[in-house]
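Welcome to this guided tour. Open your viewer, load the model, and follow along one selection at a time.

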Amino acid sequence: MATRVASVRAFAKLNLSLLVLGKRADGYHELRTVFQSISLSDRIQLDWTPGARWAVEATPEIDNNLAVRAAELLRDETGIRGRLKIHIEKHIPMGGGLGGGSSNAAAILLALPTLAGINLPIARLTGLATGIGSDVPFFLDGGTALALGRGEELYPLPTPKQRLAVVVTPGISVSTPEAFRALKRGPLDALTFTELSNRIKNLRGMMSALGVSLVSGSPDWREFSENDFETAVFERHPQLGEIRERLAQAGAMPARMSGSGSTLFGVFSSQKARQRALKTLDGARAVKFVSMREYRVAWLRALGEHKVGNAWPPHSRYAKSK
Ligand code: C5P
């Protein structure tokens, strides 16, 4: 059968705010985070040839490639057979807190069923995504979202009106499990109601400001941004704290670390302010916040001839039954 080809963009994310509340019985940490898709992206080319046998090949070689894992999970879940070639043109720095590997995995979960003629409901895709990594489910929807639990329980939010940012990724790789350990968080169930309430005070402020609650005279969401990993990670890598300081001096608001690092980002309220900052910051890259609508439009466009309509997740034109 003829090969079906798609070229898609796997967008990176930032954590506009990130709280680590405590350790859960399952060993993961209970999070409160606001994810934001950004325009920085990897380009993934998929070539799918339906056939009787399964084969997957990914270039270039990437250790523990989550895109391959996603393809194999789909095979196990749906019984699809054929030859899949995945080529990833990497632009999202790896191990940088931008979710590159997770985004690649979600890209396969969105694109492969469409090419292979299978329509999976979002709940099944989310189940597969959660099995790959805590922040993979976010990339099935993109945009702006509050995430609870391990990071997989998602609530869409309006995208902030300030959408211009810069990211700086120094060549430092921070191990996520180590960063969690360094926080030395106690058991979640030992948190008293008052402690919990105090911890999430800022986040409640941010939710109100983003328009979720009916609190009148909304303050500015940017004042409530925080990242619990910063103190411990900056202690270990002081140069990261210095970059955040330089971003703040260049007028970024907020100037933050994303995830467990090492990427720092800054949000700007005008092109001009961002342009000035780009000139003074070595290695800074301009990015834009991507809303959920823009995310879907980009995806549906990329899947072009292979999908029908504008349903989400995309509907395959090769599917025999709904
Ligand atoms: O879920 P994922 O495989 O991306 O997580 C990588 C590691 O990060 C986990 O093995 C765990 O050590 C840590 N983690 C955590 N709590 C979370 C998410 C990740 O402790 N909510």
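Helices (H or I, at least four residues) and strands (E, at least two) on this tour are DSSP runs, numbered from the N terminus. This is a predicted model, so a few ground rules apply: local features need pLDDT of at least 70, side-chain atom pairs count only at pLDDT 80 or more, and totals for chains, interfaces and linings use all residues. Residues are numbered from 1 along each chain as its sequence is written, and side-chain values use heavy atoms, with hydrogens and water left out.

**Stop 1: two cis prolines**

Start with Pro313, in the loop between strand 11 (307–308) and strand 12 (315–316). Now jump to Pro60, in the loop between strand 3 (55–59) and helix 1 (66–78). Here too you will find a cis peptide bond, joining Thr59 and Pro60, with omega about -15°.

**Stop 2: positive phi**

Stay in the loop between strand 3 and helix 1 and select Asn64. Phi of Asn64 is near 50°, a positive value in a residue other than glycine. Is Asn64 buried or exposed? Asn64 counts as exposed because its relative accessibility is 64%; the cut-offs are under 20% relative accessible area for buried, over 50% for exposed, and partly exposed in between (1.4 Å probe, protein chains only).

Next, select Lys184, in the loop between helix 5 (176–183) and helix 6 (193–199). Lys184 is not a glycine either, yet its phi is positive, about 50°. With a relative accessible area of 73%, Lys184 is exposed.

**Stop 3: the domains**

Colour domain 1 (4–157 + 291–316) and domain 2 (164–288) separately; these bounds come from an automatic or database domain assignment. The centres of domain 1 and domain 2, taken over C-alpha atoms, are 24 Å apart. Across the boundary, 30 residues of domain 1 are in contact (heavy atoms within 4.5 Å) with 38 residues of domain 2.

The size of an interface is often given as the accessible area lost when the parts come together. Buried area in this sense is the accessible area (1.4 Å probe) that two parts lose on being put together, summed over both. Between domain 1 and domain 2 that area is about 2,700 Å², and carbon and sulfur atoms give 66% of it. Show Leu16, Leu19 and Leu21: they supply 20% of the area that domain 1 buries against domain 2, more than any other three residues.

How many salt bridges are there between domain 1 and domain 2? The count is 0, where a salt bridge is a side-chain nitrogen of Lys or Arg within 4 Å of a carboxyl oxygen of Asp or Glu. Polar contacts are another matter: the rule finds 16 residue pairs across this interface, both at pLDDT 80 or more. A polar contact is a pair of N or O atoms within 3.5 Å; within protein, one must be able to donate a hydrogen and the other to accept it, and residues adjacent in sequence count only if both atoms are side-chain atoms.

On the side of domain 1 that touches domain 2, strand 1 (4–23) and strand 2 (29–50) each supply at least two residues. Strand 1 gives the most, with 11 residues.

**Stop 4: Arg256**

Select Arg256 in strand 8 (residues 255–257). Arg256 is buried, with a relative accessible area of 11%. Its side chain reaches the backbone oxygen of Ser225 at 2.8 Å and makes a polar contact with the side chain of Glu230 (2.8 Å). Leaving out residues up to four places away in sequence, Arg256 touches several others, including Leu16, Arg244 and Phe265.

**Stop 5**

Move to Ser102 in helix 2. Ser102 counts as buried, at 9% relative accessibility, and its side chain makes a polar contact with the side chain of Asp135 (2.6 Å).

Finish with the largest nonpolar core, which has 48 residues; Val8, Leu112 and Trp299 are among those with the most contacts inside it. Such a core is a set of buried Ala, Val, Leu, Ile, Met, Phe, Trp, Tyr and Cys residues joined through side-chain atoms within 4.5 Å. Helix 2 (residues 100–116) provides the largest share of this core, 10 residues. A second, separate core of 27 residues includes Ile92, Ala209, Leu210 and Phe289.
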